[in-house]
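Q: Got a model open here. Can we walk through some contacts?

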Amino acid sequence: MPATLTTPTPTPTPTRTRAGLLTAVAVLLIALNLRLGMSSAAALLDALRADLGFSPLVAALLPTLPSLCFAAAGAGTGALARRLGAERTVLVAVVALTAGLAVRAVPATWALLAGTVLGMSGLALCNVLLPTLVRTHFPERVGLLTGLYTTTLALGATLASAVAVPVAGAVGSPSLGLAVWALPALVAAGVWAARTGIRTPGAAPAPTPTPGERISPWAMARTRLGALVTAYFGLQALNAYAITGWLPSLLSGHGMSEGAAGVVLAVAQAVGIPVSFAVLALAKGPAGLRWAFAGVSTAMLAGFAGLLVAPMALPLVWAVLVGLGLCSFPLVLAVIARSGSGPAQTTALSTLSQSLGYLLAALGPLAVGLLHTATGGWTAPMTLLLATAAAQLVVGIALTRGRP
């Protein structure tokens with residue numbers, strides 16, 4: 001009998017396996033840095049104001065700058081990625097982050113603001129492109145990788161919140177304490193540079209949408225999905241940045257020490273580390289997705305209510321509830337990463353939701369700061385956040401209604 005010709009099943013080559021592993025490690029290292037610079041600044045806000053002597057307006061502007069940078073720089077991410085390629089754009093972004101954090105070592109208000117703008121603009125590019133890179137490189141493991149990188153992000157935020165004050169004390173000033181966080185960003189830049197230098201035999205090129213595949217983010221804005229995802233993204237980011245930017249100051253204003261207030265913020269951010277995977281696992285089906293969105297938004301609402309009514313009674317309980325609410329971020333990222341017919345639509349939805357969403361989010365920290373300055377207390381700011389948390393719950397229920 002003639003021999004039967006069979007096509008051998010392709011097996012991963014060592015180079016391909018190494019490239020995939022290095023990509024995953026690089027994505028996680030970048031995720032680790034996505035909140036280090038922000039959380040450390042929140043924990044050191046009062047110390048920076050005392051050391052540099054800036055005005056209440058600058059104090060209100062500083063927690064707002066990340067959201068403004070995310071909105072402005074995020075809007076141009078798609079065009080830059082088409083020009084340079086997604087992977088090279090991420091490399092430029094991480095280098096900008098490193099440089100921005102390093103500039104903040106200069107003990108001057110202009111350096112603090114300029115370094116924040118440069119560093120957060122780099123973060124904006126990473127924020128938009130990470131869901132696209134995950135979908136492109138790990139199409140069968142979108143939920144797993146989304147859970148891993150959002151958990152790593154939460155770990156970075158927790159670490160910075162918990163140790164920013166003692167680190168600043170160890171190096172001698174809050175400005176140098178901020179600049180310390182340029183070191184892990186430099187490591188992430190080096191690993192991502194090594195990743196972009198690998199070309200796996202037979203592998204697809206870097207995920208760069210071609211001109212024919214370009215989808216306008218504004219076209220997505222006219223769809224129900226685009227409008228609801230953008231509204232939900234903006235509301236959850238507004239609530240998250242407002243509370244993480246001002247929670248230490250709120251607690252310090254009620255008599256808690258700066259170090260202890262930083263630890264409470266760290267608890268809020270640490271809750272997402274074990275919970276994100278459970279939330280994403282629950283959200284795999286339509287019914288689970290609805291329960292997940294409703295649950296995290298209700299937890300945020302309850303945490304804000306506690307901080308409004310009795311902030312010093314059970315601060316750790318309120319922190320845990322707020323931390324559960326912060327899990328809305330990986331949820332909405334998973335929805336973005338799984339939406340659309342390919343990387344071009346994913347990038348369009350990510351660009352739309354993050355540019356407009358962060359523009360909305362910028363109002364949160366700014367409004368909280370201005371209301372606190374105007375009233376001298378925290379009742380008005382927390383009442384505002386209670387209303388935005390209720391709006392987040394309503395939009396989340398609408399987003400999941402009828403979703404396949």
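Q: What does I30 touch, not counting residues up to four places away in sequence?
A: I30 touches V90, V94, C126, L130, A188 and W192. Contact means heavy atoms within 4.5 Å.

Q: And what kind of model is this?
A: This is a predicted model: local features need pLDDT of at least 70, side-chain atom pairs count only at pLDDT 80 or more, and totals for chains, interfaces and linings use all residues. Residues are numbered from 1 along each chain as its sequence is written, and side-chain values use heavy atoms, with hydrogens and water left out.

Q: Which residues have the most contacts inside the largest nonpolar core?
A: I30 and Y358, in a core of 108 residues. Such a core is a set of buried Ala, Val, Leu, Ile, Met, Phe, Trp, Tyr and Cys residues joined through side-chain atoms within 4.5 Å. Buried means under 20% relative accessible area, with a 1.4 Å probe and protein chains only.

Q: Which helix gives the largest share of this core?
A: Helix α13 (residues 224–253), with 15 residues. Helices are DSSP runs of H or I, at least four residues, numbered from the N terminus.

Q: Switching to R35. Where is it found?
A: In the loop between α1 (14–33) and α2 (36–43).

Q: Is R35 buried or exposed?
A: Buried, yet without a salt bridge (side-chain nitrogen of Lys or Arg within 4 Å of a carboxyl oxygen of Asp or Glu). The nearest side chain of opposite charge, D46, is 20 Å away.

Q: What does R35 contact, leaving aside neighbours within four places in sequence?
A: N127, L153, A157, Y241, F329 and Y358.

Conventions: Helices (H or I, at least four residues) and strands (E, at least two) are DSSP runs, numbered from the N terminus. Buried means under 20% relative accessible area, exposed over 50%, partly exposed in between (1.4 Å probe, protein chains only). Lys and Arg count as positive and Asp and Glu as negative; His and the chain ends are not counted.
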